[in-house]
Structure formats: C-alpha cells, structure tokens
Number of protein chains: 2
Amino acid sequence: MKKLISDLTEYLGPKNVIIDEPDKQPYVVDWRKIISGKACAVALPSSTEEVASTVRICAAHGVSIVPQGGNTGQVAGAVPGEVGESIVMSLKRMNAIRAIDTKNNTMTVEAGCILKNLQEAANSAGRLFPLSLGAEGSCLIGGNLGTNAGGTQVLRYGNARELTIGLEVVLANGEVWSSLRGLRKDNSGYDLRDIFIGSEGTLGIITAATLRLFPQTPIRHTALAALPSVDAATELLSRCRDEAQEALTAFELISGACLRLVQQNCPDKRMPLHSIDSPWYCLIEVAHRGENGRSLENFHRIFEDVIECEQASDVLVAQSLAQAEAMWGAREMITSALAHDGKCIKHDISLPISEIPAFVRETDELLQARYPGVRNFTFGHLGDGNLHYNVARRASGDDADLHAMQPGLSLLVHDAVERRSGSISAEQGIGRIRTADLIRYKAPLELQLMWAIKRTLDPNGLLNPGVLLPSFEPWMELRGVSSADRCCR
Amino acid sequence: MKKLISDLTEYLGPKNVIIDEPDKQPYVVDWRKIISGKACAVALPSSTEEVASTVRICAAHGVSIVPQGGNTGQVAGAVPGEVGESIVMSLKRMNAIRAIDTKNNTMTVEAGCILKNLQEAANSAGRLFPLSLGAEGSCLIGGNLGTNAGGTQVLRYGNARELTIGLEVVLANGEVWSSLRGLRKDNSGYDLRDIFIGSEGTLGIITAATLRLFPQTPIRHTALAALPSVDAATELLSRCRDEAQEALTAFELISGACLRLVQQNCPDKRMPLHSIDSPWYCLIEVAHRGENGRSLENFHRIFEDVIECEQASDVLVAQSLAQAEAMWGAREMITSALAHDGKCIKHDISLPISEIPAFVRETDELLQARYPGVRNFTFGHLGDGNLHYNVARRASGDDADLHAMQPGLSLLVHDAVERRSGSISAEQGIGRIRTADLIRYKAPLELQLMWAIKRTLDPNGLLNPGVLLPSFEPWMELRGVSSADRCCR
C-alpha cells in the first residue's frame, strides 16, 4: 500500500494524492451519512491520460478504485466500504468543456463538470441542456451518467442516458474507449455506451461525454391542480400529454400531506395556495418557444375542462414568475420539511403509470393495517411512473420506533412494487445500500447476466467493489450457481 | 443434421420445419439478392417457449441459428452463409399484440408483428407508434429491433432503441430473459436491453418488446424548399428546430439530381414541382395536434424569413394532403428511380450535422478527380446526420464499369467519412456485407470489447455466425491479439 501511494504521489504530484485522514473525510462519507468508509488515499487526476495511468498503477498493485463525482448520490455508491483497501478517485479536476457544436446540437464535456455549469454553458450558446435535479449546483456530470440520473424534466427529455450520444471511458485495465463522435445514428456494432451509463462506476470510469442540446424554451406555464385521487391525477396526465404533446415538461404528483408538512415546517416559505385541504396535487409545467397569449389560453382550457368534469377541485395557473417559483419551491422543500420532521423511510420506486393509483391505495392500506399510525408522504414524477414513497413515524412515535419498523416496512412496500411489476430503484441506483434488495427482487438470470458482464469488463474486480452488484460468492451459493459458470458466464 | 431435423420436426410439427429446397428459397436469399445462402432447415416457432426449445435443440446438436424477421434488411444480416450448417429461424408466426396500455402509453408485442400492423393497432387505440420506414408493410418489429431501425421520424422520436422500454430475449443457451415491465425509469442494474437492440441476432433472439406510444399528431404541414447549398440546408434545419421544436418530425435532404432522376425514370409520378433546377432540396414536415390556422401561419413565416435572407430560392408549402403526398412520393421514389437507372454504389453513412456540408463538397470533388463522370445521387435524413451517399455509373459507362470501381470508390467515400468522425453504417447495420469495413474503421479496442461481449453471451458462437462481427481468428491475427485474451476478454 505504501508503494502504491508513493507511485501515485510521484505520478500525480503530492497535492493530488490525499492521505491525511481529516482531508479524506469529505470523500469517504456519503452526504446522507449512511456509509462512513475508509480509503488508503484519494487520487485527483486532471486528464483522461492521468485517469488511465492511475488505473494502471492501481491495477499493478491489485488495489481497487471507487470513482467519485460530486458525492451527492442517495445510495452511497461513490464512497468506499469499511475495509480501507480501495482508493477514491475524484474526477472533479477534469472539468473542461471540450467543445460546443450548435449546428450538431451537442457539447462534449469532461466528467468533472458541475451540472449547473453545463446548463449555463448551453444557455450561453443559445441552447438548452435539460438535465435538472436538486443537487445540480454540486453534482458532477460524470456521476449523473454513472447513475443514469433522472430529475424533473425526464418526461420530456429522458434520463441522462437519453441525453448522451457518446462517451469516453477508462476501462479496468487502463485502456481508453471513446465514442465521442457526436453521431445521432451509428449502427456499426454493439451499443457499448449504455452498458457504462448507469453502471455506477463498476464497469469503467466515465471521463467525458458528448451530450445532446435542445432548443431553448423561454416561455413556461406552470399550474398547481388540486385533485381528489391519484386516478384523477393519471387522467389529468393523459389529458395534458395529448393536449401539450412534447411541450409538457413536468408532471409531478404531490400528496396534500407533503404540502401541509412544508407549510408547517417551513413557515418562511411562501405557499402557492391559501388552503391545502385536497388529498392530492399535481404540479404541471409546459414550456415552449413562443406565442405566449395563444398557448396560455390553451393551457387554461385544459384545466377548465378538467374542473368542469370534476376531475379537479381547483387549479391555480401561475400568473407570474414569482408564483411559478413558489409552486416549484413548495415541491423542492418537501425533502427539507421531511428532514425537519425526523427520520423517514424512503423508497424510490417506479411502476407502469397505469398501476400507480391501485398501488398507492393498496400499499397505504397494507401499511396502516400492519403499522397503524405511520404517516405517508408520497410525491414524485408521475409522468415517468416514479414515486418517492416515503413513510414517517407515527405522530406519537419517535425515530427509534420507526427504525425498528424499517426492515419489515420496506419489505412490505417493495413486495407491493414487485407484485405490480415495478422497480425498487427508479432513479437513484443500487449503490451500497440496496444490494440486498437487488438479490431479493432481480430475476436470478438477470443477476447472472450482470455478473457475466462485470467479469468480462472487470475480471479482477477492481472497479467500485461492493457497489451495485451483490458480492458474487454468497449470491452463487444462494442461487445454486455452479462453479463451472464462473468463467465466461 | 438428420437427427436435428427429426428432433425439430417432432417438436414443432412437420408444417413448421421447412426442408424442401424451393420452399427454403425465400428464407435464404436476401431481398437485394446479394447473398444467396444455404440452410439445413427453416424453423417456424410460434411462441417464446417454442423459440427457447428450438434454441436448446439446436445447441444440443451444435447447430447455429440465423434469426429472421421480414428479411427486408439492406446488409444481408438475416440470411445464412454459404456453408449450409445453420438453420434459419423465422419469427413470423409470433405475431400477437400482447397488450396495449393507453394509460402507460406502451404496447407489448411479439417479434413477428408486421410494423404497419403495429402502427395501425396504436392508431386504433388513439395513439401513435412513430417507427416508419419504406419496408413497413413487410418488415417485422423483431427485425427492426435487432437492427435498431431508423426511418423518417428519427429526428423527433429516435431510433427503434429509443422507442423500446423492455425486451424479451431468448439467450444462446435457451434461457429467457425478460424486461417487459413497462417502466420508463429503472436504475436497478446494468442496461441489458441496449446490448440486444442492434446486435443483429448475434447475442440473443428478441421474441417480444414493450414499445412506447405517443400522442397522435393529426395535423401535418409539409414543405419542399429549393436551396443553393448543403450549408443553406443545415442553416434551415437549425431554424426549423428552433421554431418548431419537437414538432419538427422530418427534415430530409434531397439533391436536385435525385429529383430529376425521379422525374425522368418515373414519368407516371406526379412531381411536386414544375421545374427542378436547384442543386438541393429539403423536405420538411411539422406535425402536431391542432390549431391549424395559427401553426400553418408560423410554418409559413419560417420560410418567408428564409427566402428573404436568400437561404432558399423557393419554398412550396403543401396546400392539400395530395400535394404533401406528392412530395413524400417523390422522396420515396428515389430508390426505384436509381434501380431503373442501373447499378449504384450505396453508402449509408452518418456524420456530425456540422460536418455534412464540407463532407459533401470535399467527397464529391475527390470522386470526380479520381472517377471523372460518375454521378452522385445523395439524399438522406439531414436532421439525424444520416446521408445515403449513392454513386452511379458515368453517363457513358455501364454496370461492369461501375462494378470495377466499387472497392476503390467505397474506400474513398468511407475514408472521407472516417476523417470527419462519421460512421460507415448509420441505420442499416453491418450484416454479412460490411464486416470487412468494420475491421478497417472500428477501433481495435472496440472490436475487442464487442468480441468479449459476444463470447460472454454466446460462448459457442451459435447465434448468427458471420454477421456483424468479423470472424475472430483472422481478426486476432491481423490485430496481434494474444491468445491469452481469448478467454474472458
């Protein structure tokens, strides 16, 4: 280990290899403070060549690597485990925008660029880069790609995967694979790009990407609709999609309980509504280029019809930017309001949109039957079939009470997701904290295929061990996979 | 081989195993008649279970399988080679639409469904399935997915890959992997779907898929613009994208030479224009839901501005459905007009859109310098950076003359593509006829990664041998890959 550190220090320079314990802390603890890991060093390479050489040096010493972006993930996928035999590789010094091509509507950027800086660079070039999420001021694009990040505009523009047309990746042996050609169509071979995107740094280290840019959408119409049920929300979603087509940029579901919690716990927050007594709300945004008057008129018409046929009890259409911001502000304050309330059991699930009303009804009931008094704070990206299904302590209970319920309660929720063909991780990934869930819910054949790919691309298990894939040996035993399957499968 | 055929016949029934030579013909010759292969039998399974069992029977006999959809591909990827040791597996009896979910905007369909039938089924359900291409009346969706088909609406909706959110695949060992859950977001593991899409049947046999549906776009505005240069065409594309945003559904580039050839060789064809003397044309379509008057007015305004600043010499906006159909008809007649003219050397290439004007200028000049008098008939999907760069015989030459030029001429074109970071196969794939090109232009590391994945998923090489991937042994020798790399890499 000493030799590794001296080799790295010699190569990267002492400033770029952190070995002092206090200086390592921000890199080894995830931001939710669920995992507090150990690393023998933190390496900070500044170019693709430096990343590749660092990988080769680590490989020569048999030391594994935990690639890290902004360390803003929800599932502790970018921090090391407790053993302390890995190095953390932070990509933050690789922060150049290599090219912006407005004719091709692409930009090629390095993994260490902060997402917000990329949005701004696109904007300065008269284009839109639509990836947008809570952590955008500090998350790095490499991490967004490693986790296939979602966010609030997926409905219109897709996940990080759909926004990417090329990658540069350092492989486990230090070779560099690149597809940064900026091509929208390329059927000359297997799609390697999408294996790396969302692989949470376990198959390669993404060092750069060519991203798609879009026309700007300066005009935004925002509305908050009060609805009697989740069924009414899915109806309204259908109606908005038909009417606004691709201009429908966001369709967020928020339970009344969430908004009331924001009102109660964030008293400084200017609430968009005076009274919040409806069981459900939808925050809806349509964005486009122009003809403000005409399109606003259409936007209003959708809601007039909806109120008329009693699908919505009330709809507030923002009359100013400040009002629209108040609506989004309330949505974005839910996480803080929940934190203020105490511990909370979070589930980041996806379902076919058609299954969501029955899922919410059924799971809420099952929870109350088994854990009477727990409080649901459900919200999420209804347009993508993605719910943040959160459960908080009983009004009379405390954090310890909730903590004791956690294993059984999450099992109940995830089993309900599985019964309706959903996923236990819609956008946050598996990281270190959901690998056991993966074993429970993933089909054995799919786990086997994932392992086969892992062994093919990282035969010595040097990249982000313990993240995403459950460790192979106990899993093999559990599933009865024969040792003959270990090689090449 | 006899035992294999008797096993298959016993399992599938004699009607579903074709062994007579004349009956096998439609399955062993590709539709362009470039490859006339041989197969020991043609198997016609009708369910996923039958596909899986057929694969297991073949695997037990060590016999390879050529999966086939509608056999409409351009690169002979769905027909066997000359040796005759494979079976062809036609998926055409697997033609059920398993489910249409209008709330989730998805449909789950079997591989043997004809594309046009799927478009119609979506339409009957009040939705749009936007994959659209020349062969849609006879191609099967399984083939579209196996080749990641493109077509005329990629600009707005993406390739077949982007239209697919789940797959069911029979693997080389007869196991069935399925992801038909209908989820728009699922970050619980590696993306396996995109490895199979576009793999031309070499990694697994796609038996079903869950496809995305979209709102219908009943109002279409179509225009044909006469332009002085390809530069002007890319300018107009930028302008149309900014103005119409996602409503811009098609932006096709057509050289004046192509339209004049249609006029000359298809005299029955009603031409959309009286005189065709411009060097370039663009066929532009905007499609949306409604407000005909207003949006038509906007559509006209784009072109008024364009003519004013002399980027276009003339623009004809279709005033009726018949006129729009005449414009598309002329576009679609180019292939027939070329066939009528004689042999033609075709290149299906993609480039960054920003590189296209210089590529066309430079390559046209290089061609004339080296092969004076050959005639260019370039058209394609400019909005996707995809050109069909066709070269026909000299006016004074014949097919034999052109045939003699072919190797050097294609090399010249493909080398020019490579210099500008393009791809030698934008949408048609590699099949049997472009494997040598792949060796020339694909980075050795990428070929190695492709081979590693092939060996992982199909270790005995049973799926579509000779298609997409150049055979491994000579390639290894060529590239100096050591034998140690054969296993697990």
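Contact here means heavy atoms within 4.5 Å. By that rule, 92 residues of chain B touch 92 residues of chain A. This is a predicted model: local features need pLDDT of at least 70, side-chain atom pairs count only at pLDDT 80 or more, and totals for chains, interfaces and linings use all residues. Residues are numbered from 1 along each chain as its sequence is written, chains are lettered from A and ligands numbered from 1 in the order written, and side-chain values use heavy atoms, with hydrogens and water left out.

Now the area. About 7,900 Å² is buried between chain B and chain A, 50% of it from carbon and sulfur atoms. Buried area is the accessible area (1.4 Å probe) that two parts lose on being put together, summed over both. On the chain B side, B:Lys185, B:Asn187 and B:Tyr190 lose the most to chain A, together 13% of what that side buries.

Next, charges. The interface has 14 salt bridges, each a side-chain nitrogen of Lys or Arg within 4 Å of a carboxyl oxygen of Asp or Glu. One of them joins A:Arg289 to B:Glu243, closest N and O atoms 3.7 Å apart.

On to the cysteines. A:Cys344 counts as buried because its relative accessibility is 19% (buried is under 20% relative accessible area, exposed over 50%, partly exposed in between; 1.4 Å probe, protein chains only).
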